[in-house]
Amino acid sequence: MSIKAKRFRAQPTTTLLDGSGRRSSELNGLMRVANVIGRAQEHLRSHLPEEVRPHLFVGGYRQGKLTLITDRAVWLTWLRYEQTRLLELLRQLPELEAVTGLTFKVRPVAPPKAPIIRPRALSSQAADELSSCARDTEDPRLKRALERLAAHAEPPTGAH
């Protein structure tokens with residue numbers, strides 16, 4: 001088994017961002033395209049009907065064509081129907097005056113799963129220990145933090 005040597009050594013980000021070297025020009029080009037895509041998405045969303053906005057994403061810009069992505073086929077049909085108007089809207093941005101066409105794609109987006117919330121309980125015994133530590137602590141910030149934590153204890157049984 002052979003180990004291939006890396007062609008490029010890691011560079012400090014300052015070298016990449018300050019404009020020196022071949023890699024920085026690649027990064028600058030990538031950043032320019034990312035900014036154009038972001039501006040295109042903002043511009044389109046600000047001019048679209050409210051119900052369409054969350055379903056439209058600008059996916060890329062290549063060879064004069066902007067890729068629009070939607071999460072459902074019904075919006076794809078709507079986007080195709082509105083293609084001429086969308087191109088006019090995009091050409092209002094100076095950096096997109098040369099857009100020659102649109103490419104459409106459907107990419108279903110899985111909804112983000114809500115994190116499982118497991119409430120944690122702090123026993124009154126643990127709260128007593130934390131309060132005791134707070135009393136014996138001289139650092140005022142640590143003392144306040146321990147006191148706040150101790151305040152989250154379960155109320156004693158029978159008390160409401």
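1. Let's start with glutamate 95, which is partly exposed in this predicted model. Its relative accessible area is 32%. Glutamate 95 forms a salt bridge with arginine 39, and the closest N and O atoms of the two are 2.5 Å apart. This pair links distant parts of the chain: glutamate 95 sits in the loop between α4 (83-90) and β3 (101-106), while arginine 39 belongs to helix α2 (residues 22-47), 56 residues apart. Arginine 39 is partly exposed too, with a relative accessible area of 39%.

2. Next, have a look at glutamate 50 and arginine 53, whose side chains meet in a salt bridge at 3.0 Å, N to O. Is glutamate 50 buried or exposed? At 57% relative accessibility, glutamate 50 counts as exposed because the cut-off for that class is over 50%. Arginine 53, with a relative accessible area of 25%, is partly exposed.

3. Arginine 85 and glutamate 82 also have side chains that meet in a salt bridge, here at 2.7 Å, N to O. Arginine 85 counts as partly exposed at 32% relative accessibility. Glutamate 82 has 16% relative accessibility and counts as buried, because buried means under 20%. When you view this pair, then, you have a buried glutamate 82 and a partly exposed arginine 85.

4. Now for the strands. Which way do β1 and β2 pair? Strand β1 (residues 56-62) and strand β2 (residues 65-70) pair in the antiparallel sense, over 6 bridges.

5. Stepping back to the whole protein chain, you will find 6 helices and 3 strands. Read from the N terminus on, the elements run α-α-β-β-α-α-β-α-α.

6. The protein chain has 160 residues, and buried residues make up 26% of them. Its accessible surface comes to about 12600 Å², with 55% belonging to carbon and sulfur atoms. Among contacts between residues at least 6 apart in sequence, 52% join residues at least 24 apart.

Definitions and conventions
Residues are numbered from 1 along each chain as its sequence is written. This is a predicted model: local features need pLDDT of at least 70, side-chain atom pairs count only at pLDDT 80 or more; totals for chains, interfaces and linings use all residues. Side-chain values use heavy atoms; hydrogens and water are left out. Helices (H or I, at least four residues) and strands (E, at least two) are DSSP runs, numbered from the N terminus. Buried means under 20% relative accessible area, exposed over 50%, partly exposed in between (1.4 Å probe, protein chains only). Contact means heavy atoms within 4.5 Å. Accessible areas come from the Shrake-Rupley method with a 1.4 Å probe; for residues, only the protein chains shown count as cover. Two strands pair if DSSP finds at least two bridges between them. A salt bridge is a side-chain nitrogen of Lys or Arg within 4 Å of a carboxyl oxygen of Asp or Glu.
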